[in-house]
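Visitor: I am new to this structure and would like to learn how to read it with care. Could you take me through a few of its features?

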Amino acid sequence: MPLFEAVRLALATIRVQKLKSFFTLIGVTISVMFLIAVVSIVQGMSRYVEDDFAGKFLGVNTFNLRRFPDIQNDVTAEQWREWQRRPNITIEDATAVKQALPADARWAMHDVVWADGSSDFTQGGPQILAEAATPEYFAIKDLNVTQGRIFTEQEDALGTDVIVIGTEVAERYFPNLDAIGRELRINRFPFRVIGVLEKQGTVFGMPLDRQVLAPFHSEMSRLTHARHNLYGVVVQAPSPAAFDGLQQIAREVMRKRHKLHPAEPDDFSLESSASALGQWMTIKKYLVLAGTVLPAIGLVVGAIVIMNIMLVAVAERTREIGIRKSLGARRRDILAQFLVESATLSAFGALIGVGLGIALAQGVAKISPLPAAVAPWSIVLAVGIGAGVGIIAGAYPASRASRLDPIIAMRSE
Amino acid sequence: MNQQITEAPLGSTAERQIVVGASGQAPDSRWVIVTRGLKRDYDMGGEVVRALRGVDLAISRNEYVAIMGPSGSGKSTLMNLIGCLDTPSAGEYWLNGTLVSRMSDDQLARVRNKEIGFVFQTFNLLPRATALHNVELPLVYAGITSDERKRRARAALERVQLENRMDHRPNELSGGQRQRVAIARALVNEPSILLADEPTGNLDSQTSEEIMRVFEELATQGQTVIMVTHEPDIAAHARRVVVLRDGLLSSDDRREAFAAKHGV
């Protein structure tokens with residue numbers, strides 16, 4: 001029995017018996033639908049968290065030296081108190097780290113504060129995420145301007161009051177105007193706009209387009225650095241391979257400066273995208289587990305339904321089996337015919353499930369903030385699983401069919 | 001030489017045993033079928049039914065033989081054994097010089113595919129397949145390529161004058177046409193024997209005559225035909241008539257002798 005012939009026969013059966021096929025395949029279809037939907041959503045969230053969040057928020061191959069982690073989850077009161085006892089990260093610490101780093105590493109100090117903005121055109125409005133940073137910060141965070149320019153080392157060294165602003169800030173404070181060269185006041189300190197950043201969107205509720213950046217040594221530091229607690233030092237390794245080494249250098253510098261005994265734990269935090277993503281990875285693990293185990297249960301039910309239907313099909317077609325055997329079909333021919341039929345049926349159900357799953361994932365992505373990315377491997381896997389379920393479910397009925405006695409089979413009506 | 005033998009049907013058991021030869025020896029190549037002491041017992045819920053009780057039969061190439069007998073005589077059992085659909089409880093069955101009575105299921109399937117063309121009372125066509133596809137089926141299991149299958153199936157349908165009914169399904173064909181599709185299917189693999197089981201049982205007398213003419217023509221062309229029937233006037237179409245009674249051969253006559261005995 002050629003494969004193509006058997007597949008064609010199975011598809012003809014589906015076409016003739018639409019309603020029966022629908023009920024036969026609904027288990028597999030729904031299971032595959034949820035499998036695809038969950039995998040797509042998890043995949044989408046992964047991409048979102050790992051690329052957008054880690055990339056924009058922390059930067060690639062980048063670690064933050066901070067007093068305590070910026071991204072916190074499940075912090076105990078005790079830990080919180082310990083963090084509060086930690087010494088501040090000072091400009092001297094930051095400079096010492098810089099001096100210890102190799103020349104190809106990028107380094108930046110930055111400070112952040114939520115501030116009020118105003119211009120000659122607009123008063124008030126939403127809070128602005130005001131940052132004071134050294135110029136390499138732009139390169140580390142991959143921040144690019146669409147208009148104007150970023151500030152230079154000289155401007156930072158001189159403490160020039162220039163500012164690079166996010167798109168939302170530009171639109172809000174300079175509506176329908178060219179912002180470059182105009183004055184933006186942050187908590188009433190005037191800055192001259194020299195650049196507008198490209199649009200970045202929102203990462204975990206953080207409106208990055210409401211960001212403004214001024215040189216670290218400008219007036220901005222008087223707003224941000226009020227309590228002599230440096231928000232953080234960012235270091236970017238030139239390659240993933242160099243990353244751990246640089247983190248080690250920073251750790252040693254800081255431990256030495258804080259005069260820590262080898263047995264004492266760090267009293268500062270080195271935060272990288274990997275450490276921040278740890279929590280997400282845990283969530284993801286459970287999501288993937290739930291997203292695969294639940295459809296797997298559905299598939300078992302689907303397989304039982306298919307097995308049942310195939311047993312009915314074998315009973316209904318006993319005479320056909322007898323005829324085929326009388327014409328020279330061997331056991332393996334009959335076995336193959338029913339296995340292919342069952343696999344085709346099930347794979348067809350899985351294929352519909354893939355379509356519905358993609359639609360569901362896109363639907364969820366539309367109506368909720370959850371993103372969706374359909375992984376091509378999940379489609380291949382789903383159809384493969386579908387066919388596999390069909391083969392497993394069809395094995396028993398097919399083996400029964402193949403063992404029928406041709407004389408008795410041909411006598412049945 | 002064949003002629004000589006086929007024209008001298010075998011009267012007594014002793015004579016038959018001389019022709020079929022000694023057990024275990026391959027029979028002379030002129031015999032397409034040789035059975036030696038063929039027995040078949042059925043276990044019917046503890047009670048053993050002896051359907052065949054030792055049949056010695058030799059059929060040569062190009063013969064047109066009818067196997068007759070009342071119901072319960074064992075003719076269906078004999079036909080199943082000859083058709084390799086069943087294996088005997090005891091005795092030997094040589095088909096085309098090969099001992100098939102000891103073969104496995106799958107080996108028998110190959111023999112059915114290559115050596116035997118069945119024509120059944122109830123036609124046994126696949127209802128969902130066209131005439132052409134039904135005729136192609138044995139070639140599918142013989143592993144013939146699609147183009148070659150179609151070519152040979154068309155040729156077989158032309159042989160039974162159904163070339164313009166190829167794309168019809170069985171329910172779109174008359175009884176006689178269905179049986180001719182079945183004959184085409186039986187012939188498509190060029191089998192050693194055409195084995196017909198009550199081929200006219202479901203047909204009116206006019207259509208029966210039509211089918212008998214097809215068989216007659218095939219026999220004239222040199223096809224070995226074995227036909228199982230309980231109707232003497234159908235059996236009388238064959239050139240030799242073997243009668244079974246209670247699981248044993250009771251007579252083996254040429255057509256003329258048979259016709260004289262039964263007045264047909």
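Visitor: Over which residues of chain B does pLDDT stay under 50, and how many contacts beyond four places in sequence does the model have for them?

Guide: As a general idea, where pLDDT is low, the predicted coordinates should not be read in detail. This is a predicted model, and in chain B the stretch with pLDDT under 50 is residues 1-9, for which the model has 13 contacts beyond four places in sequence. Chain B as a whole averages a pLDDT of 89, with 95% of the residues scoring at least 70, while for the complex the predictor gives an ipTM of 0.91 and a pTM of 0.71.

Visitor: In what order do the strands of the open sheet in chain B lie, and which are the edge strands?

Guide: In general, strands of a sheet pair through backbone hydrogen bonds, either parallel or antiparallel. Here the open sheet has 4 strands in the order 2-1-4-5, with antiparallel pairing, and its edge strands, each pairing on one side only, are strand 2 (47-60) and strand 5 (98-99) of chain B. Strand 1 (residues 31-44) of chain B is joined to strand 2 of chain B by 11 bridges, and B:Met44 has B:Glu47, in strand 2, as its bridge partner.

Technical notes:
Residues are numbered from 1 along each chain as its sequence is written. Chains are lettered from A and ligands numbered from 1 in the order in which they are written. This is a predicted model: local features need pLDDT of at least 70, side-chain atom pairs count only at pLDDT 80 or more; totals for chains, interfaces and linings use all residues. Two strands pair if DSSP finds at least two bridges between them. Helices (H or I, at least four residues) and strands (E, at least two) are DSSP runs, numbered from the N terminus. pLDDT is the predictor's confidence in each residue, from 0 to 100. Two residues are in contact if their C-beta atoms, placed from the backbone, lie within 7 Å.
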